[in-house]
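Biologist: I am new to this structure. Please walk me through how to read it, one feature at a time.

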Amino acid sequence: MPAPFRTPLTVPARATGAGPDILALGEPLVEFSADSDGALEDAVRFTLGYGGDTSNAAIAASRSGARTGYLTRIGGDAFGALLLDLWTRNGVDISGVIQVPDGDTGLYFITRHAGEGHRFTYRRAGSAAARLTPADIPEEALARARLLHVSGITQAVSASACDAALHAMRTARAAGTLVSYDPNHRPALWPLERARATVLHSASLADIVLPNLEEGRLLTGEESPEAVAECFARRGPAVVALKMGAEGVLLSERGRLTRIPAHPVRAVDATGAGDTFDGAFAARLLAGDTVEDAARYAVVAAALTTTGHGAVGPIPNRAAVEKARAAAV
Ligand SMILES: Nc1ncnc2c1ncn2[C@@H]1O[C@H](COP(=O)(O)OP(=O)(O)OP(=O)(O)O)[C@@H](O)[C@H]1O
Ligand SMILES: [Mg+2]
């Protein structure tokens with residue numbers, strides 16, 4: 001069989017003029033995390049937070065220094081306003097955020113249960129973002145950007161959002177904009193067979209694929225990290241970064257495998273670690289790092305994210321990542 005791998009990753013030059021280099025597409029969510037352990041019906045006080053995998057990744061990219069924007073639909077409700085404020089405070093461009101006056105922004109609730117960990121309750125069906133369609137994709141902005149980041153969660157929330165994600169990937173590809181794709185498989189959102197078909201097809205439209213080991217095994221049917229990475233790589237992306245929690249990352253660059261150990265930390269909450277890896281990796285690639293250097297940076301950014309509670313708060317900025325890297329040598 002001829003070598004299936006594409007040419008090396010070619011990072012597009014920075015376009016002249018304003019506008020984000022990285023555009024992330026997906027569904028942002030507002031988080032309510034119960035302050036005390038127990039069932040949701042017994043919870044009285046909640047701490048406000050934010051989630052949505054690609055929104056987390058956009059914030060991570062921005063904190064690592066990339067000009068980043070977010071593409072989504074939000075409701076005209078208070079939750080949409082909170083998200084607009086979140087992105088603005090984090091330097092994420094919101095010109096690609098469509099506000100739908102009578103739409104609803106997705107929400108989720110986190111409860112903690114002794115001995116069982118976290119439980120998530122979502123209110124996102126029919127949300128403004130779930131009603132994304134291909135017509136919402138800003139084709140010119142995607143052509144001006146240097147990298148598009150998309151995930152399987154966006155494809156899982158509705159058929160029209162899946163179409164929108166696929167249209168965005170095709171538009172980016174045709175314009176020479178890199179496509180970064182995180183399967184982020186969530187079994188509750190769609191059946192495995194549909195996930196498998198969509199994720200493997202999406203891998204063939206992507207330059208960079210960023211699965212974790214658990215979902216990689218489920219989606220490819222392979223067992224070893226090497227075989228999982230190779231199965232994605234055979235679809236055509238130049239880079240596969242297989243995320244393995246405390247075991248770090250297995251990087252496949254056109255089929256050449258490199259193991260990148262995790263940065264040792266005292267982890268308290270891994271929420272958003274994978275998303276932070278995705279955003280930090282994209283930011284450093286566009287800044288001119290080699291694929292391996294960008295992955296080494298992103299591993300440290302992801303590790304730091306696990307040292308605090310919640311997804312967004314602990315995402316480090318570039319100075320914090322460089323400080324941790326300097327301390328580690
Ligand atoms: N306990 C840990 N110690 C150090 N680094 C970690 C730890 N957990 C995660 N990381 C880093 O974060 C990266 C991404 O984490 P993980 O493999 O959990 O991704 P993920 O499952 O995609 O996460 P997400 O829940 O955000 O989707 C890992 O590859 C690793 O570099
Ligand atoms: Mg993940």
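Modeller: Start with accessibility: buried means under 20% relative accessible area, exposed over 50%, and partly exposed in between, with a 1.4 Å probe and protein chains only. Arginine 318 counts as partly exposed because its relative accessibility is 37%. This is a predicted model, in which local features need pLDDT of at least 70 and side-chain atom pairs count only at pLDDT 80 or more, while totals for chains, interfaces and linings use all residues. Residues are numbered from 1 along each chain as its sequence is written, chains are lettered from A and ligands numbered from 1 in the order in which they are written, and side-chain values use heavy atoms, leaving out hydrogens and water.

Biologist: Which residue forms a salt bridge with arginine 318?

Modeller: First the rule. A salt bridge is a side-chain nitrogen of Lys or Arg within 4 Å of a carboxyl oxygen of Asp or Glu. Here the partner is glutamate 322, with the closest N and O atoms 3.6 Å apart. Glutamate 322 is partly exposed, because its relative accessibility is 28%.

Biologist: Why are glutamate 322 and arginine 318 separated by about one helical turn?

Modeller: An α-helix has 3.6 residues a turn, so residues three or four places apart point the same way. Glutamate 322 and arginine 318 are about one turn apart because they sit four residues apart in helix α11 (residues 318–328). Salt bridges can also share partners: Asp21, Arg67 and Arg146 are joined that way into one network.

Biologist: How many salt bridges does a search of the whole structure find?

Modeller: The search finds 17. Take arginine 124 and glutamate 27, whose side chains meet at 2.9 Å, N to O. This pair links distant parts of the chain, 97 residues apart. Arginine 124 is in the loop between β8 (117–123) and α3, and glutamate 27 is in the loop between β1 and β2 (29–34). Both residues are buried.

Biologist: Where do aspartate 278 and lysine 243 lie?

Modeller: Element names come first. Helices (H or I, at least four residues) and strands (E, at least two) are DSSP runs, numbered from the N terminus. Aspartate 278 and lysine 243 form a salt bridge, with their closest N and O atoms 2.9 Å apart. Aspartate 278 is in helix α9 (residues 273–286) and lysine 243 in strand β12 (residues 239–243), 35 residues apart. Aspartate 278 counts as buried because its relative accessibility is 2%. Lysine 243 is buried too, because its relative accessible area is 10%.

Biologist: How do I read a helix such as α5?

Modeller: Check its span. The expected value is 1.5 Å times one less than the number of residues. Helix α5 (residues 159–175) has 17 residues and reaches 24 Å from first C-alpha to last, close to the 24 Å expected. Then look at its buried residues, among them Ala161, Cys162 and Met169. Their packing partners include β1 (22–25), β9 (147–151) and α6 (192–205). After α5 comes glycine 176, with a positive phi near 80°.

Biologist: Which side chain makes a polar contact with serine 180?

Modeller: A polar contact is a pair of N or O atoms within 3.5 Å; within protein, one must be able to donate a hydrogen and the other to accept it, and residues adjacent in sequence count only if both atoms are side-chain atoms. The partner is the side chain of histidine 149, at 2.8 Å. Serine 180 lies in strand β10. Serine 180 is buried because its relative accessibility is 2%. A contact means heavy atoms within 4.5 Å. Leaving out residues up to four places away in sequence, serine 180 touches residues including Leu147, Val150 and Ile208.

Biologist: Which residues come nearest to ligand 1?

Modeller: A residue is near a molecule if one of its heavy atoms lies within 4 Å of it. Of the 21 residues around ligand 1, the nearest are Asn184, Asn212, Gly245, Gly274 and Ala302. A polar side-chain atom of asparagine 184 is 3.0 Å from an oxygen atom of ligand 1. For the side chain of asparagine 212, an N or O atom lies 2.7 Å from a ligand oxygen. Glycine 274 places a polar backbone atom 3.0 Å from an oxygen atom of ligand 1.

Biologist: Where does asparagine 184 lie?

Modeller: Asparagine 184 is in the loop between β10 and α6. Its phi is positive, near 35°, in a residue other than glycine. Asparagine 184 counts as buried because its relative accessibility is 8%.
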